[in-house]
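Here is a short note on this structure. Please keep the view open while you read the points.

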Amino acid sequence: MDSAAQWLASYDQKLARAAANAKAASETLSRMSGTATSPRGEVAVQVGPSGALEDIRLTPTARAMEVEQLAKLILATAQEAQRSVGSQVVEIMTDYVGDGPALDFVKQNMPPATGVDATSGARPIDNDEDYFANPRVIV
């Protein structure tokens with residue numbers, strides 16, 4: 001066999017491995033989900049591998065909450081579930097693609113930590129300037 005034929009055979013093997021890895025990654029990712037429950041259990045959510053909501057469960061306690069507070073709680077709980085599935089996706093993709101531009105792209109598209117208290121919807125105060133720029137209102 002000449003070198004061109006060997007190169008082509010080697011290239012075909014690499015393509016076959018890449019296709020098999022892509023199929024395995026796709027199958028693994030399709031089975032993933034992230035779940036989260038609010039701190040006091042009023043809200044539970046499940047998201048799929050893309051972070052899209054698949055299920056929301058509200059307890060009677062949640063139904064008695066003020067609408068704005070419940071909305072913030074649902075949002076914070078959903079974001080926690082998205083971060084959960086996001087970390088799973090990064091772990092799986094690390095196994096398939098290793099460190100590099102492809103993994104960096106996956107990481108860049110993960111939901112960021114919000115820093116929002118799931119109970120009150122308030123952001124933590126990091127410093128005095130933030131406190132005076134964004135004072136908390138106590139009713």
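Predicted model: local features only at pLDDT ≥ 70, side-chain atom pairs only at ≥ 80, totals over all residues.

1. Now look at the turn. The hairpin of strand 1 and strand 2 has 5 residues between the strands. Gly41 has a positive phi there, near 85°.

2. Strand 2 also pairs with strand 3 (residues 53-58). The sense is antiparallel, with 5 bridges. Val43 stands opposite Leu58 of strand 3. These strands form a hairpin too, with 5 residues between them. In its turn, Gly51 takes a positive phi of about 95°.

3. Which residues of strand 2 lie on its covered face, and which on the uncovered one? Val43, Val45 and Val47 make up the covered face. Ala44 and Gln46 make up the uncovered face.

4. Follow Val45 next. Leaving aside neighbours within four places in sequence, Val45 is in contact with Gly34, Thr35, Ala36, Leu53, Asp55, Ile56, Thr77, Ala78 and Ala81.

5. Finally, the core. The largest nonpolar core has 19 residues. Leu29, Met32, Val43, Val45, Val89 and Met93 have the most contacts inside it. Strand 2 (43-47), helix 3 (67-97) and helix 4 (101-108) each give two or more residues to this core. Helix 3 supplies the largest share, 9 residues. As a general point, nonpolar side chains tend to be buried together in soluble globular proteins.

Methods:
Residues numbered from 1 in each chain as written. Heavy atoms only, no water. Core = buried A, V, L, I, M, F, W, Y, C linked by side-chain atoms within 4.5 Å. Buried < 20%, exposed > 50% of the residue type's maximum accessible area, 1.4 Å probe, protein only. Helix = DSSP H or I, 4+ residues; strand = E, 2+ residues; numbered from the N terminus. Contact = heavy atoms within 4.5 Å. Pairing = 2+ DSSP bridges.
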